[in-house]
Amino acid sequence: MFNISLFFSSSIPGADASSDSDAVMEVKKALAVMIQHNLVKFEASERNNNIAEYSIIHHNVYCLLRYPKYLYMIKRIYGTSEEILLEILLNLGQASASNVIFQSANRLKEANDDSEFSDPSALHKSFLKLAQDNFIIRCPKLADNANIQKVPTLEVEEKEKFTVPHLEIGPIAKLLKENATQLGEHGDSEVIWRVNHERFDVELRNVILVNAAARRVDATAGELYHLILKLWRECSNPDSPTTNALSFNVIKDAVRKNEGSSPVLLEHFEQYLRVLYEDTSSLIIKVGDAGGGQFVLNYSTVFENLACATLDSIVLERFGSKALRLFRLTRIQKFMEQDQMQNIAMIPAKEAKMFTYKLLEHNFLQIKELKKGTSNFAPVKSFILFHVDLPQQVARTALEASYKGLFNAMVRQMHDLTDNKRLLDKHARLETLLETLRGEGLPEDELAYLSDSMTAAEKSLVARIHSMNDHLTLGQTQADDTILILESYLKFSSMT
């Protein structure tokens, strides 16, 4: 963790006092904004309790890229009201429940172009849902002894993390009716909420697992696996490497009671469950026969399989199928000599050596030297063995490459949009104008005449920029999925 200890001297020889004061204020404002958006935390220095140390919360900074996924996920699970509540909270960083509900109600009024008064009680219920399902969490508040310390201590009780206090909906409704823009002081001003990134990580992780089950079998198997993941989440700690066991009867009852279960799943439930736990991907592991069968999910095993599949795909794209054969063979056999690798993989010696040392150069293979001395006078004989150090070397190398690829895609996307900003703005204004005039019933020949105000070359360039932008956005999404898989694998492998 990168820490910064900040203290400001009131007198600096040879410096302009006013400029120093302005610089100090700018630093304070920047820190306040980052703390407000949960990107930086502070605590008293171990060397001096009167000095605050500020630390970047790396995971929260990275999660800025996942905000669109957060909003899409909440809209898919709940609806538009919850999506707007989350969007307002993401924009504010930290805010009270009343403030979030008030601003969300104003946003809904503007979106619907409705000047009539709307009751915010529905938004209150939506806020309660988000807190109940742990998608939002209370921020720590000042500790009881914080007043006697120069660097305050923040804390929150475990039982209060997801408890929404009583809200006064009446005053909020009155202000909305009066078209007020600010809420002002309210009863829960001191109870501040933020987005719970850890809960979203669990949900994104489950999405990857459900998609893996659907690709491995079919969409109905993905539906069943999604339901089982819900049951596991209710009875297990999401950070535990292995879930608690679920019985066959519990899963079957949940499928029957679930209103969204498809007729195919209801009819062939036992067959789909058997396919999932007999599959080599270890999406479900059967650990006993009580209650019709006991089933668990071993996160470390399933994410190791997903990480291996991801790394195999990376090796295939970068070095080809023969290199993939060598990489996969070495990973399965643990340790192999060069001659063994080329003989078992059935690759010519020259090509096998070339691909082996390419993989070695890019850290996908590692070597281990074993020395065997025959006597005190005979030369020492060495054996060179190739092996795959998956958690410490290969996965971390691929994770670093994924971060770099994600950053490069973002830089390239920003470069294209910045360099062609005037052309894209011109095209957007033209499209808006044409859409407006088309709605007013303007003849097509006049619309075509207006459309010709942009040359064919300009239109072709705009289409190419949009296509490139779509590809870069898709690349960022895929890189983020790879990062989540590798991070989850490293997290759970370190627990075993």
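A salt bridge here is a side-chain nitrogen of Lys or Arg within 4 Å of a carboxyl oxygen of Asp or Glu. The model is predicted, so local features need pLDDT of at least 70 and side-chain atom pairs count only at pLDDT 80 or more, while totals for chains, interfaces and linings use all residues. Residues are numbered from 1 along each chain as its sequence is written, and side-chain values use heavy atoms, with hydrogens and water left out.

**Exercise 1. Find how many salt bridges the rule gives, and look at a few of them.**

Step 1. The count comes to 22 salt bridges.

Step 2. Take Glu157 and Lys159: their closest N and O atoms are 4.0 Å apart. Glu157 is partly exposed at 42% relative accessible area, and Lys159 is exposed at 66% (buried is under 20%, exposed over 50%, partly exposed in between, with a 1.4 Å probe and protein chains only).

Step 3. Go on to Lys252 and Glu270, a salt bridge with closest N and O atoms 3.9 Å apart. This pair links distant parts of the chain, 18 residues apart: Lys252 sits in helix α10 (residues 248-257) and Glu270 in helix α12 (residues 269-278). Helices are DSSP runs of H or I with at least four residues, numbered from the N terminus. Lys252 is partly exposed at 23%, and so is Glu270 at 39%.

Step 4. Finish with a group: salt bridges link Arg66, Lys69, Asp201, Asp480 and Asp481 in a network.

**Exercise 2. Work out which residues of helix α15 (residues 338-345) are buried, and where they lie.**

Step 1. Pick out the buried residues: Gln338, Met341, Gln342 and Ala345.

Step 2. Look down the axis of α15: these buried residues fall within an arc of 90 degrees, so they line one face of the helix. The arc is that of the directions from the helix axis to the C-beta atoms.

Step 3. Turn to the other side of α15, where Asp339 and Asn343 are exposed.

Step 4. Check what comes next: Met346 follows α15, and its phi is positive, near 55 degrees.

Methods: Helices (H or I, at least four residues) and strands (E, at least two) are DSSP runs, numbered from the N terminus.
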